[in-house]
Structure formats: structure tokens, C-alpha cells
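Work through the exercises below with the sequence and the model open. Each task is followed by a solution in steps.

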Amino acid sequence: MVSIFKLEHIVKHYGGTLALDDVSLSITAGTSVALIGSSGSGKSTLLKVMLGLVATDGGTAQFENTVIAPQQSLALRQQMGYVIQEGGLFPHLTVSENIALMAEHLDWPKEKIRARLSELFALTRLPEHFAGRYPKELSGGQRQRVGLMRALMLRPKVLLLDEPLGALDPIIRADLQHDLKEIFQSLGATVVLVTHDISEAAFLAETLVLLHEGRIVQHGSLAELVRSPASPFVTRFVNAQRSPLESLQSPQSTI
Ligand SMILES: Nc1ncnc2c1ncn2[C@@H]1O[C@H](COP(=O)(O)OP(=O)(O)O)[C@@H](O)[C@H]1O
Ligand SMILES: [Mg+2]
């Protein structure tokens with residue numbers, strides 16, 4: 001199995017705050033991984049280390065055997081699609097201008113851009129007539145679809161999403177969860193997803209990585225976290241969000 005990301009002993013401080021405390025994580029190409037944990041546990045920081053957006057204080061981070069360093073992060077990031085926590089669309093650009101920004105910068109021919117936009121509208125199920133709208137003329141769910149299209153524009157090898165559904169109401173969120181799952185399956189790309197919702201993590205990703213106070217406390221499937229928790233914290237975290245456990249009720253009662 002080929003590791004696409006290999007992080008070893010990563011340490012990151014923000015002033016007096018230890019955001020990542022000796023984090024080692026290897027992600028196999030083509031798999032989907034969810035980083036879960038409470039607010040402040042270091043999920044976004046870990047994602048930003050993978051993107052080369054933050055300099056670390058210790059350890060090594062590699063993407064396809066290349067050290068991820070902020071000075072070369074632009075070239076690396078063209079291979080990574082990133083959907084940031086707040087959406088991050090440019091308000092003064094239309095939907096299609098937002099999505100095509102990097103492709104324009106890389107001088108893609110107009111026809112290639114147009115064809116890719118068309119594919120992405122179909123993939124994310126956003127009607128093409130939204131192409132000329134501005135972000136403020138979209139709903140939260142539509143904006144997230146545009147953020148996703150922008151991340152996918154250059155056909156990245158990996159897709160990194162930071163709480164992509166965090167701000168949405170439950171029904172829109174459920175719709176988008178199903179669409180995201182289909183998209184992940186059709187792409188076959190490596191996906192790293194941040195969420196604080198364990199049921200969403202289990203629905204969208206094969207492997208969960210649970211962070212607590214900047215450390216990985218457990219790495220495995222939801223069933224493994226439930227049946228063989230690495231520490232009492234894992235059980236507390238899982239039990240605090242009961243609904244995902246319903247499907248695991250019978251195996252759990254045989255422990
Ligand atoms: N730019 C920053 N400046 C100072 N502290 C930060 C910054 N980013 C994150 N932190 C701190 O680092 C810790 C981890 O944050 P973060 O990775 O954003 O957690 P999460 O995404 O799990 O909520 C928190 O204590 C947070 O306050
Ligand atoms: Mg975060």
C-alpha cells in the first residue's frame with residue numbers, strides 16, 4: 001500500500017498553545033480518512049500541515065515522498081483540492097470565475113475550462129445557470145457545492161475538506177452528505193475530511209482518526225473505536241454522540 005501522506009512526529013505550537021503534540025499519521029493513496037475530535041483538538045492545524053499552509057516546529061511531513069514545506073507549497077497545492085472551513089469564495093467573482101481561478105492562472109485554454117466546468121456542475125448537481133451568480137446570491141448548500149467544484153477543478157490527487165458541511169441545516173446537510181459520498185466514490189481520489197460529527201465521519205470515510213489535545217488517541221473504523229477503545233476518552237467521545245451507535249447496537253451488546 002502506497003502512502004500518499006506520511007507525517008512523522010509533527011509538533012506545532014501557536015505561542016504557548018501546543019496545537020499538535022507528536023502526531024504521526026500515514027494515509028494510503030485512494031482511501032478516505034476523517035479527522036475527528038472536539039473543537040480545538042488540532043484537526044484544522046493537521047489539515048493545514050498536509051497542505052503546507054503552516055510551518056511546523058518539529059517532525060516531518062511528506063506528500064508522495066516529497067517534504068511538504070511552505071516554500072514549495074504552491075506546486076504541491078496544485079495537486080491538492082482544499083475546501084476551507086468557511087467556504088472561502090471570493091465575493092466579487094461569479095461562481096464560474098471562482099471555480100476557474102486557478103485554471104485561468106495556469107493558462108488553460110478557454111475550451112478546456114468550459115468543458116471542465118460543465119463536468120463539475122453535473123458532478124456536484126448544481127444547475128449550470130448558477131454559473132453567473134455571485135456567492136451572496138447562493139444558499140449555504142449551493143456555496144459548499146461551488147467550494148467543492150473549485151477544489152476539484154484541477155483534478156487533484158487528494159481532496160482535503162475542513163468541516164465542509166458544518167454550517168448547514170440538517171436536511172441540506174444530509175443531501176450533501178449523500179452527494180459527497182457518491183462524488184468521493186466516483187473520483188477514487190484520496191480524501192481527508194475534518195468533522196466534529198462522528199456519524200458523518202463514519203458515513204463518509206473508511207478510517208477515523210480521533211484527536212484530543214493535539215494528539216492522535218485512536219486510528220481505526222467506527223466499529224474499532226466502539227469495540228476496542230484505546231482509552232476511556234474514546235468511549236466518552238463516542239458515547240457523547242449516540243445516534244451513530246444505533247447501527248452497532250447488537251455487536252456492542254455482545255462485548
Ligand atoms: N492561528 C492561530 N493562532 C493561535 N492559535 C491557534 C491558531 N490556530 C489554531 N490555534 C489553536 O490551536 C489549537 C488547535 O486548533 P485547531 O487546529 O483549529 O483545532 P480544531 O480544528 O480541532 O478545532 C487550538 O487551541 C486553537 O486555539
Ligand atoms: Mg477546525
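## Exercise 1: the shell around ligand 1

The model is predicted: local features need pLDDT of at least 70 and side-chain atom pairs pLDDT 80 or more, while totals for chains, interfaces and linings use all residues. Residues are numbered from 1 along each chain as its sequence is written, chains are lettered from A and ligands numbered from 1 in the order in which they are written, and side-chain values use heavy atoms, without hydrogens and water.

Step 1. Ligand 1 has an oxygen atom 2.8 Å from a side-chain N or O atom of Lys43. For the side chain of Ser44 the distance from a ligand oxygen to an N or O atom is 2.9 Å, and for a polar backbone atom of Gly42 it is 3.1 Å.

Step 2. Of the 560 Å² of accessible area that ligand 1 has on its own, the protein covers 59%. Areas come from the Shrake-Rupley method with a 1.4 Å probe; for residues, only the protein chains shown count as cover.

Step 3. Helices (H or I, at least four residues) and strands (E, at least two) are DSSP runs, numbered from the N terminus.

## Exercise 2: helix 1 and Ser41

Task: decide which residues of helix 1 are buried, and whether Ser41 is buried or exposed.

Step 1. Buried means under 20% relative accessible area, exposed over 50%, and partly exposed in between (1.4 Å probe, protein chains only).

Step 2. Seven of the nine residues of helix 1 are buried: Lys43, Thr45, Leu46, Leu47, Val49, Met50 and Leu51. Just after the helix, Gly52 has a positive phi of about 75°.

Step 3. Ser41 lies in the loop between strand 3 and helix 1. Ser41 counts as buried because its relative accessibility is 3%.

Step 4. The Ser41 side chain reaches the backbone oxygen of Ser38 at 2.7 Å. Beyond neighbours within four places in sequence, Ser41 is in contact (heavy atoms within 4.5 Å) with Ala19, Leu211, His212, Glu213 and Gly214.

## Exercise 3: strand pairing

Task: in which sense does strand 9 pair with strand 3, and in which with strand 10?

Step 1. Two strands pair if DSSP finds at least two bridges between them.

Step 2. Strand 3 (residues 32–36) and strand 9 (residues 207–212) share four bridges in the parallel sense, with Leu35 partnered by Val209.

Step 3. Strand 9 and strand 10 (residues 215–220) are antiparallel, over five bridges; Leu211 has Ile216 as its partner.

Technical notes: A polar contact is a pair of N or O atoms within 3.5 Å; within protein, one must be able to donate a hydrogen and the other to accept it, and residues adjacent in sequence count only if both atoms are side-chain atoms.
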